[in-house]
Amino acid sequence: MPAATPATPTSATPQEFVRFALDEGVLRFGSFKVKSGRISPYFFNAGLFNSGRAVGKLAQFYAQALLDSGVQFDMLFGPAYKGIPLATATAVALAGHPAMDGRNDVPFAYNRKEAKDHGEGGTLVGAPLKGKVVIIDDVITAGTSVRESVEIIRNAGAEPAAVLIALDRMERAGPDDALSPHSAVQDVAKTYGIPVVAIASLSDIMALLEDDASFAENRDAVHAYRTKYGVK
C-alpha cells in the first residue's frame with residue numbers, strides 16, 4: 001500500500017487563518033497586558049497551537065504563505081525554541097503540497113540554546129545549512145531570534161532568504177512619547193534586506209471585525225489601538 005500523502009488545505013487565506021486562530025483560542029479579544037507593558041485589546045499566543053491536528057493545520061498555512069510569496073528557498077531554519085516544531089511541521093506540509101512540482105523533500109535545521117558537549121556536539125541540529133534559508137517563527141517582537149538566526153545562517157556560508165511568521169502585529173515599539181517610526185517586522189526587513197512573510201496581519205484581524213457582526217463589540221478598541229500604535 002502506498003504511503004498516505006499529507007493533506008493540503010483547500011484554501012489558506014489570511015482571513016481563514018484568523019478564523020482558525022480564533023477557533024483554537026490562539027487569538028483572543030479582551031484586555032491583555034503584553035510584554036511591552038501596553039494593554040492590548042487582542043492577544044495572539046501561538047503556543048496554544050498545541051495538538052497534532054492544530055499544528056498540522058498551522059503548518060499548512062505556513063507552507064501556503066511561503067509558496068504564495070514567491071520566495072526562492074532551499075531549506076527551512078527554526079530558531080529555538082518555538083521555531084523548532086514550526087520548521088519541522090512546515091517541512092512536512094511542503095512535502096505533501098502539489099505546488100512543489102515534485103520537489104517534495106525540503107530539508108530543515110534548528111539550533112540549540114546551549115552547545116552540546118558530547119556526541120556530535122555543537123548548537124545545530126538537522127540538515128547542513130546551505131543555499132537559501134527561510135527562518136520560521138511565530139511572531140517578531142524585538143527581532144532577537146531573527147538576528148541570532150541570520151548570524152548562524154551566514155556563519156555557515158548559507159544565505160537568509162526570508163523570515164516566515166504567523167502574525168504581523170503591525171505595531172511600533174517604544175514608549176508612547178517616543179514611538180519608533182517602524183514596526184519590528186519593517187525593521188527586520190530593512191536591517192537584513194530580506195522579506196518578512198506573514199500568514200496574516202492586524203489588517204486581516206480588522207477585516208474580520210468589520211465583516212462579522214458577532215465581533216462588533218471589539219471593533220472600537222482594536223481600531224483605537226491600531227490608530228495609536230500601528231503602522232500601515
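Ser183 touches Met170, Glu171, Arg172 and Val231, when residues up to four places away in sequence are not counted. The model described here is a predicted one, and in it Ser183 is found in the loop that runs between β7 (159-168) and α5 (184-192). Ser183 has a relative accessible area of 2% and is therefore buried, since buried means under 20% relative accessible area.

His182 lies in the loop between β7 and α5 as well. At 31% relative accessibility, His182 counts as partly exposed. Once its neighbours within four places in sequence are left aside, His182 is in contact with Arg172, Ala173, Asp187, Lys190 and Val231. From C-alpha to C-alpha, His182 and Ala224 are 18 Å apart in space, while 42 residues separate them in sequence. The table sets the two loop residues side by side.

| Residue | Relative accessible area | Class |
|---|---|---|
| Ser183 | 2% | buried |
| His182 | 31% | partly exposed |

The interior comes next. In soluble globular proteins, nonpolar side chains tend to be buried together. The largest nonpolar core of this model has 53 residues, and those with the most contacts inside it are Phe17, Phe44, Phe49, Leu76 and Val134. Helix α2 (residues 52-69) supplies the largest share of this core, with 8 residues. A second, separate core has 19 residues, including Met75, Val146, Ile153 and Ala158.

Leu76, one of the residues with the most contacts inside the largest core, is in contact with Leu66, Ala87, Thr90, Ala91, Leu94, Val106, Pro107, Phe108, Ala109, Val133, Val134 and Ile136, leaving aside its neighbours within four places in sequence. Helix α3 (residues 83-95) has 13 residues and reaches 18 Å from its first C-alpha to its last, which is close to the 18 Å expected at 1.5 Å a residue. Within α3, the buried residues are Gly83, Ile84, Leu86, Ala87, Ala89, Thr90, Ala91, Ala93 and Leu94, and among the contacts of Leu76 are Ala87, Thr90, Ala91 and Leu94.

Strand β1 (residues 27-33) and strand β2 (residues 39-44) pair in the antiparallel sense over 5 bridges, with Arg28 standing opposite Phe43 in β2. The two strands form a hairpin with 5 residues between them, and in the turn Gly37 has a positive phi of about 95°.

Notes
Residues are numbered from 1 along each chain as its sequence is written. This is a predicted model: local features need pLDDT of at least 70, side-chain atom pairs count only at pLDDT 80 or more; totals for chains, interfaces and linings use all residues. Side-chain values use heavy atoms; hydrogens and water are left out. A nonpolar core is a set of buried Ala, Val, Leu, Ile, Met, Phe, Trp, Tyr and Cys residues joined through side-chain atoms within 4.5 Å. Buried means under 20% relative accessible area, exposed over 50%, partly exposed in between (1.4 Å probe, protein chains only). Helices (H or I, at least four residues) and strands (E, at least two) are DSSP runs, numbered from the N terminus. Contact means heavy atoms within 4.5 Å. The expected span of a helix is 1.5 Å times one less than its number of residues. Two strands pair if DSSP finds at least two bridges between them.
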